[in-house]
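Let's work through a few exercises on charged side chains. Take a look at what is shown below, then try each task before reading its solution.

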Amino acid sequence: MTLVRSILRSPLVGALTTPHGVDRYLELVDPMWVVGEVRARIVDRRVETRAGVPVATLTLEPSSAWRGHEAGQFVQVGVEVDGARRTRCFSVSSPESKPGDLITITMRANPEGTVSKHLVHDARIGDVVHLSQADGQFTLPSPLPQELLLLSGGSGITPVMSMLRTLLRRGYGGTITFLHYAQSPDHQIFADELADLPPNVHVRLVYPECGDPVFSTEELARILPHHAEVDAWACGPAGLVERVQETFRDNPRLRVEYFKTSTLGAVEGAVGRTRFAGAGVEAENTGATLLEQAEDAGLTPAYGCRMGICFTCTTRKTEGRVRNVVTGVESDQPDEDVQLCVSAPVGDCVVDL
Amino acid sequence: MTTPTKPSARLTPEQLEEFGKEMDAIRQKVVARLGQEDADYIRGVIRAQRAFEGAGRALFYLPPAWPLAVASLSISKILDNMEIGHNVMHGQYDWMGDPGINSRMYEWDTVCPSEQWKYSHNYIHHTYTNVLGKDRDIGYGILRMDEDQKWHPYYLGNPVYATLLMLFFQWGVLLHDLEVENIVQGKRSWKDTKHLHRGMIRKVRNQTLKDYLLFPLLTGPLFPLTLAGNATANLVRNIWAFNIIFCGHFPSGVESFEEEAAENETRGAWYYRQLLGSANITGGPLFHVLTGNLSHQIEHHLFPDIPARRYPEIAPEVQALCEKYGLNYNTGPLWKQLGSVAAKIVKLALPGGRDGTRRTSAPEPVLPDLPKVNVSHLVDDPEPQVERELASA
């Protein structure tokens, strides 16, 4: 198999299949045969929750180019809906993987999200989805610390679950505190697995809507008095993650991962006007990202991840200064390609859209 | 409505605005319908193209099947360049979010790098369609295809140049961006084209290596036959593409425009110019696919980024608008459109040679005080032909 792959990726095959490349031929025979891109076949599907918006876990068999992942990393998953590919990021929920391993992703059918809804409701076993290589810095260190705190809310449980599963598989002997916030026991993801863990894992499932205390510094101090000396990983809705960050202040032991883009900062006190030259549309600069401003103006630019990862929305900016709302870096180069989803104009701006 | 018997009406600014809105409405309706069907269609065409390509390459191992191999490979190249390449690179399928069918990523099976073609075609030609002095697709810098191109003894060779361009069309498309005619005239220096060289060399190397060395080598002793077959397939594609493309803007009755026409043009005026500057070819569904739907050049120029398979379905609506506004919708069978292009090539080889095509200037307010109903008949008299001939002689 490796030999076949080496041949298919050889310069000779490249020269024979120019200008399209070998994958554009292989995919017509079987989409999983591609050697340059990553795809995955859905081989199993299970529903995780008993109430609320359904959550499903899909088991994926990645194609030969998959390089594996570290616990806590995410992948971009692309599905086709009405002929158009939509891509979103999902954390891998299974333990760390090597090439050839199966992986799982777990997602709630976000009522406003095309991809998660499709994956939960419409995806069938045997379907092939587009996959990226794994990415992200929200991972475990090496060597592992003696004690860890894993803290999550809602479907933010997926990357920390990957960590927990990885630690258990590696036979980790240290202490793990697993603190998770969910709506109710019926909304709990991975409930059975969390009920059956070895004694060095202290699981606390908290349901504030059922009367449990919400997250606060005091509450954490009660559960884990020495939390400031413990390496911690937190993932969940922006509100929860922000409160955790306040508790830990600038403590470098805390690593966080957001799973929503809602906290991406708009430019405050925005001035000027935003012009979409191709469409001949101009509007007051609201400080929101160019993608949002374009959509508010009634345009429908192509987009994918909406968080600066996939470059689907990349468009030529001809004039003006924009700020990358993730990194805060500003740029005023004329005629540069910017990612609409993470670029917010600072003052007048013209985009070739 | 086929070849116009009377010139198209000139529209008042108000009419142009209304006309533009009606065109926009057609566009909106189609855009709202785009979806799975269009994705399945283009994937189906790609599948067919790759199958023809595979079959063509394989059949070269069977010497008696040589004509079949050539036919198969020719169809592959025609589909790749026209219904897939040309249309994908217009961004017609960008909404699919598939990098393999995306205007920024697609590369086609011909020697011209897609990046360079997109500039001269999508930007220059589609923006300044039929504007003499701006649209370099009028004669491609080597032919006299418009009577307002000043005659020069060089143009006596018009039919010869056209024939050579037809036979070597892919190379003509490749060299188009160098603007050799401007280099000869001293308007552009060789250095100005430097940024194009690397891309050109790389693409030419890849294409020639594949068709003229590697695939022939793979057939061993059949090397010469395979080489000749690949060259023939490229030739067939060249001839076909040239003929279809020349029917797009050069049949008689198609209008060309002054440079001012494209300045500060409204959307309605832009639609007007695109409509009158293009011509269609009639034919069956298979013919349309093999032309990349450039047989619907009019619809393509009105809506260059709408999937081409939709053109036949909107053509009746465009025709209805033409009737409403008294505009010519230039269409006809291939033999007729080609005949008229050939006649023009020959006629314009000689001095003068006005073939009756009306020069349209910017659609400035025309007799705004007259009642709108009869404006077309009052203002669209062709300019006196005698005077034009004198002027160009």
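**Exercise 1.** Which kind of contact do the side chains of B:Glu37 and B:Arg309 meet in?

Keep in mind that this is a predicted model. The test is a Lys or Arg side-chain nitrogen within 4 Å of a carboxyl oxygen of Asp or Glu. For B:Glu37 and B:Arg309, the N to O distance is 3.1 Å, and the pair is a salt bridge. Next, find the two partners: B:Glu37 sits in helix α2 (residues 36–59) of chain B, while B:Arg309 is in the loop between α12 (297–302) and α13 (311–325) of chain B, so this pair ties together parts 272 residues apart in sequence. Finally, look around them: both belong to a network of salt bridges that also includes B:Arg33, B:Asp38, B:Arg310 and B:Glu313.

**Exercise 2.** Work out where the partners of the salt bridge between B:Asp98 and A:Arg85 lie, and whether they are buried or exposed.

Start with the distance: the closest N and O atoms are 3.3 Å apart. As for accessibility, B:Asp98 and A:Arg85 are both buried.

**Exercise 3.** Explain why A:Arg321 and A:Glu330 count as partly exposed.

First, the pair forms a salt bridge, with 3.0 Å between the closest N and O atoms. A:Arg321 counts as partly exposed because its relative accessibility is 32%, and A:Glu330 does because its relative accessible area is 30%.

Methods. Residues numbered from 1 in each chain as written. Chains lettered and ligands numbered in written order. Predicted model: local features only at pLDDT ≥ 70, side-chain atom pairs only at ≥ 80, totals over all residues. Heavy atoms only, no water. Buried < 20%, exposed > 50% of the residue type's maximum accessible area, 1.4 Å probe, protein only. Helix = DSSP H or I, 4+ residues; strand = E, 2+ residues; numbered from the N terminus.
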